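Me: Hi! I have a structure open and would like to talk it through with you. Mind if I start with one residue and then zoom out?

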Amino acid sequence: MRFMIVVKASKDSEAGAMPPPEMFAAMADYHEELAKAGVLLDGNGLQPSSKGWRISWAAGKKKIVDGPFTETKELIAGYTIIQVKTREEAIEWANRFPNPQIDDGEIEIRQMYELEDFGESEAIERFREIGMATGK
């Protein structure tokens, strides 16, 4: 079972402010624990939405909009992907996640789909062949 721990953005992260050294240290300690336990698949911070863009489709037409985006509470500042045996184990690891913000912070945990969740098809087999949606 793979889970994504999503770090919600803040005004500071959207301004491009770097976290203080203590926060980097806490995050490094946490991710080192995940790695030593063999459950860490990936993790990283994201640059502010001002350096990104969105692509949307409506009525068959594609539209590209450059950031920044105003609804900070809907933005992502970073993520960690873990692979564990149970939902309870994911909850245990997520509960140990350090506060990702200087003041109030929030993380969201979402289970990721596995290819087996979709049944068999030619398209699913193509995803397997290129190594997508797999753990370690």
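This is a predicted model: local features need pLDDT of at least 70, side-chain atom pairs count only at pLDDT 80 or more; totals for chains, interfaces and linings use all residues.

Me: Where is S13 placed?
Reply: S13 is in helix α1, which covers residues 11–14.

Me: Which backbone atom lies 2.8 Å from a polar atom of the S13 side chain?
Reply: That is the backbone nitrogen of S10.

Me: OK, zooming out. How many helices and strands does the chain have?
Reply: Four helices and six strands. Starting at the N terminus, the order is β-α-α-β-β-β-β-α-β-α.

Me: What does the C-alpha trace span along its principal axes?
Reply: About 50 × 45 × 20 Å. The chain has 136 residues, and 27% of them count as buried.

Me: Which residues touch the most other members in the largest nonpolar core?
Reply: That core has 16 residues, and the ones touching the most other members are Y30, L34, I82, V84, W93 and F97. Two or more core residues come from each of β1 (2–8), α2 (21–37), β5 (76–83) and α3 (87–95).

Me: Let's follow up on V84. What is V84 in contact with, beyond its neighbours within four places?
Reply: V84 is in contact with M1, F3, V39, E89, A90 and W93. W93 is also among the core residues that touch the most other members.

Me: New topic: backbone geometry. Which residues does a cis peptide bond join?
Reply: G67 and P68, with omega at about 10°. P68 is in the loop between β4 (61–66) and β5. Most peptide bonds are trans.

Me: Which residue has a positive phi although it is not a glycine?
Reply: A59 does, with phi of about 50°. Most residues other than glycine have a negative phi.

Me: Where does A59 lie, and is A59 buried or exposed?
Reply: A59 lies in the loop between β3 (53–58) and β4. A59 is exposed, because its relative accessible area is 82% and the exposed class begins over 50%.

Me: Last one: how far apart are the mean positions of the positive and negative charges?
Reply: They are 6 Å apart, for 17 positive and 24 negative charges. As for the surface, the accessible area of the chain is about 9600 Å², and 53% of that belongs to carbon and sulfur atoms.

Note on methods:
Residues are numbered from 1 along each chain as its sequence is written. Side-chain values use heavy atoms; hydrogens and water are left out. A polar contact is a pair of N or O atoms within 3.5 Å; within protein, one must be able to donate a hydrogen and the other to accept it, and residues adjacent in sequence count only if both atoms are side-chain atoms. A nonpolar core is a set of buried Ala, Val, Leu, Ile, Met, Phe, Trp, Tyr and Cys residues joined through side-chain atoms within 4.5 Å. Buried means under 20% relative accessible area, exposed over 50%, partly exposed in between (1.4 Å probe, protein chains only). Contact means heavy atoms within 4.5 Å. Accessible areas come from the Shrake-Rupley method with a 1.4 Å probe; for residues, only the protein chains shown count as cover. Lys and Arg count as positive and Asp and Glu as negative; His and the chain ends are not counted. The place of a charge is taken as NZ of Lys, CZ of Arg, CG of Asp or CD of Glu.
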